[in-house]
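Please look at the sequence and the structure below before reading on.

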Amino acid sequence: AFHFQILVDTYGNIPYTNALQGLTVAQPTYDTGVAVYEDLFKQLDAALALFASGEKRAAAGETINNPGVNDIMFKGDINKWRRLANTLKLRMILRQSERTDRQTFIQAALTTLKASPYGFLKAGESAAINPGYANSANQQNPFYATYGNGVNGQPVENNNIFRAGRYALNFLINTQDSRVFGFYNPVSGSSFNATFFGTITPLVNSQVSSIGPGLLQSATQDAIILSSEEALLLQAEAVQRGYITGNAKTLYETAIIQSYTYLGIFDDAGTAEDYARLLLDSGNPSATWDAATNKLTLILTQKWNSLNGIAPFEAWSDFRRTGIPAVPISQDPSTSVKQIPSRLLYPQTETQYNETAVKAQGTDSQ
């Protein structure tokens, strides 16, 4: 369900019902994104039913084997899996929030969701995997191996290539957000630098901030699937929209504290919560709940900010859904279409090997 939601959100209509069958169905037809979404709710309900069935059978005296440590995400804690399922449902509900034609479905899905006694992923309860990452060849955390340092401690090529974007860096600096030290490395002392996307006269890499230590923690760090801060911000938005009950302000502020905690923003002078409180109580309408005139804008802007380098796909999805935050487009003057893509083109392999099904979707446009 997690992966197929990403596929729908990336491409729109996709092979689903008769996909993944190898040569049995080598050229699968496409399902609409709406149909896939609706079936994903059924898949998650089926998973929840399996958990309930296992508990019922165990209570009746049947031996049910819990995977324990072989479960590389939740170590056999089934209630955390339940909370992940509910959190995925909530994310898919919010993805459809601006669609007038989906409101009946949303209300029906919310009725089922609110009947669950298990709730959503909590503070400090990220869905993250670690099968035993080690600082050895082909055993490092994949994110760290791709953007951090090699086994010998030398930066990999992507670490030299990927640099800070000016819009995100300015936001952190202008709000006096200490997380800048987690997201980026200073170019010297405590000075940061960045360029706008599409700048035609970029600075050399040594003059631009690189990926920071809060993101590239170690070769053995957990791989984040769905972070606690994302889960809490999803809940904050849902409460603010009236979808679920709760305290939106508390959920929002707890999410920011979780972000500071994950990035390691603390020292002898204060804890992660102490530093988060400096931001949350600053009175800045881009960070402080009581100062913000539009709470949804606040939640989604800080969601974009908090998931920088962790879940950038969510920022793209939220922007397409709401237009928040109003990030700038490419600065390249030769770019004629000044628009962020609403979807990606189907992979070239798909147009080569499943051409009829692709053409049946209409013009493949971004």
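Helix H12, which covers residues 295-306 and has 12 residues, reaches 16 Å from its first C-alpha to its last, close to the 16 Å expected at 1.5 Å a residue. The model is a predicted one. Because 10 of the 12 residues of H12 are buried, the helix is largely enclosed by the rest of the structure.

| Helix | Buried residues | Packs against |
|---|---|---|
| H12 | Lys295, Leu298, Ile299, Leu300, Thr301, Gln302, Lys303, Trp304, Asn305, Ser306 | H7, H8, H9, H10, H13 |
| H13 | Glu314, Ala315, Trp316, Ser317, Asp318, Arg321 | H1, H3, H9, H12 |

After H13 comes Gly323, whose phi is positive, near 80°.

How are H2 and H3 arranged relative to each other? Helix H2 (residues 33-59) and helix H3 (residues 78-95) pack with their axes 10 Å apart and at an angle of about 165°, and the two are therefore roughly antiparallel to each other. Their crossing is left-handed. On the H2 side, the residues that make the contact include Tyr37, Leu40, Phe41, Leu44 and Asp45, while on the H3 side they include Ile78, Trp81, Arg82, Ala85 and Asn86.

Key: Residues are numbered from 1 along each chain as its sequence is written. This is a predicted model: local features need pLDDT of at least 70, side-chain atom pairs count only at pLDDT 80 or more; totals for chains, interfaces and linings use all residues. Side-chain values use heavy atoms; hydrogens and water are left out. Helices (H or I, at least four residues) and strands (E, at least two) are DSSP runs, numbered from the N terminus. The expected span of a helix is 1.5 Å times one less than its number of residues. Buried means under 20% relative accessible area, exposed over 50%, partly exposed in between (1.4 Å probe, protein chains only). Contact means heavy atoms within 4.5 Å. Axes are lines fitted to C-alpha atoms, for helices over the stretch in contact, and angles run from 0 to 180 degrees between N-to-C directions. Angles under 35 degrees count as roughly parallel, over 145 as roughly antiparallel, 65 to 115 as roughly perpendicular and the rest as oblique. A crossing is left-handed if the near helix is turned anticlockwise from the far one by less than a right angle, and right-handed if clockwise.
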